[in-house]
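Please brief me on the side-chain contacts of this structure, with the cut-offs behind each term stated once.

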Amino acid sequence: MPSSLAAIVAAATTSTTPTFTMADLPTTPSPQPTTTTHQLSRYESQKRRDWNTFGQYLKNHRPPLALPRCSGAHVLEFLRYLDQFGKTKVHNVSCPFFGQPTPPAPCPCPLRQAWGSLDALVGRLRAAFEENGGQPETNPFGARAVRLYLREVRESQAKARGIAYEKKKRKKQPTLKAAAAAVETERGGEDGGDAPTSMFPLSVFN
């Protein structure tokens with residue numbers, strides 16, 4: 001059989017189905033996953049750290065304490081535990097620097113957590129408790145004993161450090177009556193009266 005005929009026979013007996021490998025297939029770039037990073041605020045980040053710290057404290061408690069069984073007494077225990085990491089000098093009554101905001105020399109009085117730090121901490125943990133499924137009526141961070149303890153710490157530290165803790169007063173928003181009076185004042189100035197022609201911007205009253 002001539003070689004050309006043998007080639008024709010061999011081609012006829014061979015399967016006509018083409019074979020492909022993965023390398024033969026066209027490659028299309030796979031879409032990159034879109035990741036949206038939600039930047040937590042400073043308050044939210046601190047609240048998460050505080051909540052994790054409290055959870056670790058419950059886990060290391062002897063005996064270990066489950067969150068549903070946590071009470072106001074356990075919160076007070078936690079706050080007193082944090083005192084060992086405090087950086088605020090609180091003078092004892094017997095200390096010669098008791099009641100002095102800027103003592104002239106060092107003294108052996110203990111370091112404690114400042115009242116402001118504890119008050120802010122309790123507020124964050126109180127919010128985190130409810131955000132993690134806790135009920136407001138069973139929130140141990142809102143217990144009366146915790147509020148009384150914070151008040152006691154505030155008063156004692158104010159005396160010991162000679163610092164008056166004052167609550168920040170919220171600015172009162174101008175009422176509609178005040179806004180109307182300002183408008184009348186402006187009109188009086190435009191009419192040639194003695195009232196000043198300047199007035200507050202309207203954004204003040206929004």
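**The loop between α2 and α3**

P63 has its place in the loop between α2 and α3, where helices (H or I, at least four residues) and strands (E, at least two) are DSSP runs numbered from the N terminus. R62 and P63 are joined by a cis peptide bond, with omega at about -5 degrees. The model is predicted, so local features need pLDDT of at least 70 and side-chain atom pairs count only at pLDDT 80 or more, while totals for chains, interfaces and linings use all residues. Residues are numbered from 1 along each chain as its sequence is written, and side-chain values use heavy atoms, with hydrogens and water left out.

- R69 also lies in the loop between α2 and α3, and at 67% relative accessibility R69 counts as exposed; here buried means under 20% relative accessible area, exposed over 50%, and partly exposed in between (1.4 Å probe, protein chains only).
- R69 and T138 are 69 residues apart in sequence, and their C-alpha atoms are 9.9 Å apart in space.

**H74 and its surroundings**

- H74 is found in helix α3 and is buried, with a relative accessible area of 19%.
- Leaving aside residues up to four places away in sequence, H74 touches Y57, H61, L65 and R69, contact meaning heavy atoms within 4.5 Å.
- A polar atom of the H74 side chain lies 3.1 Å from the backbone nitrogen of S71.

**Aromatic pairs**

- The structure holds eight aromatic pairs; rings of Phe, Tyr and Trp (its six-membered ring) pair if their centres lie within 6.5 Å, and planes under 30 degrees apart count as stacked, over 60 as edge-to-face and the rest as tilted.
- One of these pairs is F54 with F141, whose ring centres are 5.1 Å apart and whose planes stand at 65 degrees, so the pair is edge-to-face.
- This pair links distant parts of the chain, 87 residues apart, with F54 in helix α2 (residues 42-60) and F141 in the loop between α4 (115-131) and α5 (144-161).
- F54 is buried at a relative accessible area of 1%, and F141 is buried at 2%.
- Y57 and Y81 form a tilted pair, 5.2 Å centre to centre with 40 degrees between the planes; Y57 lies in helix α2 and Y81 in helix α3 (residues 72-82), so the pair ties together parts that are 24 residues apart in sequence.
- Y57 is buried, with a relative accessible area of 13%, whereas Y81 is partly exposed at 37%.
- Ring pairs link W51, F54, Y57, F78, Y81, F85, F129 and F141 into a cluster.

**Salt bridges**

- Side chains of opposite charge can pair when their charged atoms come close.
- Three salt bridges are found in a search of the whole structure, each being a side-chain nitrogen of Lys or Arg within 4 Å of a carboxyl oxygen of Asp or Glu.
- K47 forms a salt bridge with E44, the closest N and O atoms being 3.1 Å apart; K47 is buried at 4% relative accessibility, while E44 is partly exposed at 30%.
- K47 also meets E131 in a salt bridge (2.6 Å, N to O); K47 lies in helix α2 and E131 in helix α4, so the pair ties together parts that are 84 residues apart in sequence.
- D50 and R124 meet through their side chains in a salt bridge (2.5 Å, N to O), and this pair links distant parts of the chain, D50 in helix α2 and R124 in helix α4, 74 residues apart.
- D50 is buried, with a relative accessible area of 8%, and R124 is buried at 16%.
- Salt bridges that share partners join E44, K47 and E131 into one network.

Methods. Polar contact = N/O pair within 3.5 Å; in protein donor to acceptor, adjacent residues only side chain to side chain.
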